[in-house]
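Colleague: I have the sequence and the coordinates open side by side. Could you walk me through them with a few questions and answers?

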Amino acid sequence: MKHILLSLALVGAVACGPAMPGADAPEESQTSLDSRASGLVTPAQGPIPAGLPARLLVGLFEDNGQTWMKNSGVPWDVRYRYLTKGWVNNWGWSPADGSFALQYMNESAAQGALPAVQFYQVNAEPGGGEDQFLSKVQNATTMRGYFSDFKLLMQRAKDHGKPVLVLLEADGYGLLQKQTGSNPHAPAAVASTGLPELAGLPNTVAGWGLAFLQLRKAVGASNAVLGIHVSAWASDKDVAYFSVTDPLQPEVDRVHAFLKPLGLGANVTGATYDVLVGDPLDRDSDFYARVQGQNRWWNASDSASVSSASFNRYAEWLRLWNVTAGKRWVLWQIPEGNSNHLNVDNAGGARQGYKDNRAEYFFGTGSAAHREKFASAGVIALLFGRGEGRQASHTNDVYSDGQPFLKSRAGAFLQAGGLPLPGGSTPPPTTPPPTTPPPATGDTAPYHFEDGTQGWVASGASVASSPAKAYAGSRSLAVAVAASGAGLTRVSVPNPTVAAGKTVSFQVWVPAGSRLTGVQPYVQEGAAGNWRWTGAWAGVGSLQAGGWSPVRVTVPPGAAALSQLGLELFTSGAWSGTVYVDAVAW
């Protein structure tokens, strides 16, 4: 299906695969997904990327300069938009320095949201549309300009200095699989572009996938979280909508085998993609039914077979991918229609747009179990936005109670603190914390804070050596948190001398009545370790309010010298208070 580009005001583009009926196949045996949605989020495979909070993120599409999200009063986690060809100079309205993208990142962060961009440029490069995706990737002149633009994006991301989510080429990887006949070693222009950063990569489709990782590394944009798009139709069977009776694992394996050398597996760059990216659909389901004569509805029943077009089947596909690749999922461009829409083109009036059931599945009646199910399958973010101008939108999705649906329902979810997720690393031991500190006979820990902050600094807070609390000795590190909304505060020290394999313990004191949802000790290796990050999430329920609690993180065996040791403090909303840290030892 061809993608339709909207006006630059919407900068909309679509990510939806070809509608290809599948061959008849024996029905897959029923899988009990409900057993994995019993009210608790079971740990998914793979870490949550560094810099992202360990809870289910919810975000929306919004363009530069728009303020609906800010004015909604909802602490949205993520704000996203497309970057199509021409973004480098704002389609002729700004200098050709990528400042347009930096403006969006800074603007989003100022609103308390993680900025996210969909880098969607190949289809607008000269030489045709989706059918010519491979031929464009094989053109050295085209790819030199293309990768120069991506390098510029990494430079602006580095300038931003905070986490930014970069989703790469929606459907592009699936198109490459189809157009190469699943051959990752098919020719492509990478080293032949002449860009010095890419000189060591092969001129293959696999090398093309690695180029994004290499350019991030060369620029030093370690704060950029890179996502590889996985299409549910890339194996020549659309397992989400048409080939719904085909077993899922063989199709996952076929696509994973193609993508592994593109950057999902170990490679010469020393890095891999941080997250998998998927889009459940690009338009509202009833738009397909009424305008295009296709059935794109999913059965929302919790008892639906995974061998049917259903949310259960999609969740199982996500889970199998999570287990196979060891990566978490970002779902984006989720349709925003609900059952109260009018099934008319959206011109901005209340209820205009087409019906869909995805917003209600995740935020309507019984949705808590649905969110937990998808989180257990590896999903860490739900990003809603229309992929074409006639579809439903969060700005006018008025529900049967007269309230905007996503603003009221997702807003209530976020205001209540959201859904904490296991961080993907080995959890801290469950030994009960001491109820009273040991006698104050001195603190011999490497970081004891008796005579100062010992080089510890904080983002979003101030730190000081304080006599107000002490686990051992007479002082601790006071972290004065001043959170303007949901997010994280990080306190850290550079270049700690902790050896590989060591377990670092922190003593943490949290006040009663805080808006903390959890803490996460972490370590980050330096350049020799490709900036690998390791954390260990601890929910606030495991910490003693008004007392000291131990949290721990283990440096991976064989780790390179550390560039950072720290602690992340997660808040569910605006809150000011002091957290104390003491006796950091290994």
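Predicted model: local features only at pLDDT ≥ 70, side-chain atom pairs only at ≥ 80, totals over all residues.

Colleague: Let me begin with one side chain: is glutamate 525 buried or exposed, and what is its relative accessible area?

Modeller: Glutamate 525 pairs with arginine 532 in a salt bridge whose closest N and O atoms are 2.5 Å apart. Arginine 532 is partly exposed at 38%. The cut-off for buried is under 20%, so glutamate 525 counts as buried, with a relative accessible area of 3%.

Colleague: How many salt bridges are there by this rule?

Modeller: Side chains of opposite charge can pair when their charged atoms come close. The rule asks for a side-chain nitrogen of Lys or Arg within 4 Å of a carboxyl oxygen of Asp or Glu. By that rule, the count of salt bridges is 21.

Colleague: How many residues apart in sequence are the parts that glutamate 251 and lysine 237 tie together?

Modeller: These two form a salt bridge, with 3.7 Å between the closest N and O atoms. Glutamate 251 belongs to helix H7 (residues 248–259), while lysine 237 sits in the loop between S5 and H7, so the parts their pair ties together are apart in sequence by 14 residues.

Colleague: What is the relative accessible area of arginine 358, and what is that of aspartate 356?

Modeller: Arginine 358 and aspartate 356 form a salt bridge, their closest N and O atoms being 2.9 Å apart. Buried means under 20%. Both partners are buried: arginine 358 has a relative accessible area of 0%, and aspartate 356 has one of 1%.

Colleague: Which residue stands opposite leucine 165 in S5?

Modeller: Strand S4 (residues 164–168) runs parallel to strand S5 (residues 224–229), and five bridges join them. One of the facing pairs is valine 166 with leucine 226 in S5. For leucine 165, the residue opposite in S5 is valine 225.

Colleague: And which residue stands opposite leucine 165 when we look at S3 and S4?

Modeller: S3 and S4 also run parallel, and four bridges join them. The residue that stands opposite leucine 165 in S4 is alanine 116.

Colleague: Which residues of S4 are buried on one side and which on the other?

Modeller: In a regular strand the side chains alternate between the two faces of the sheet. S4 is mostly covered, with five of its five residues buried. Both faces are covered: one side holds Val164, Val166 and Leu168, and the other holds Leu165 and Leu167.

Colleague: How many residues of helix H11 are buried?

Modeller: Among the buried residues of H11 are His370, Arg371 and Phe374. The buried residues pack against helix H9 (311–325), strand S7 (328–334), helix H10 (358–363), strand S8 (379–384) and helix H12 (405–415). H11 (residues 367–376) is mostly covered, and of its ten residues the number buried is eight.

Colleague: Last one: at roughly what angle do the axes of helix H2 and helix H4 cross?

Modeller: Two packed helices are described by the angle between their axes and the distance between the axes. Residues that meet include Leu102 and Met105 in H2 and Leu153 and Ala157 in H4. By class, this contact has six nonpolar, three polar and two charged residues. The crossing is right-handed, and the axes of H2 (residues 99–110) and H4 (residues 140–160) come within 9 Å and cross at roughly 35°.

Key. Residues numbered from 1 in each chain as written. Heavy atoms only, no water. Pairing = 2+ DSSP bridges. Helix = DSSP H or I, 4+ residues; strand = E, 2+ residues; numbered from the N terminus. Buried < 20%, exposed > 50% of the residue type's maximum accessible area, 1.4 Å probe, protein only. Contact = heavy atoms within 4.5 Å. Axes fitted to C-alpha atoms, helices over the stretch in contact; angles between N-to-C directions. Left-handed = near helix turned anticlockwise from the far one by under 90°. Nonpolar A, V, L, I, M, F, W, Y, C, P; charged D, E, K, R; others polar.
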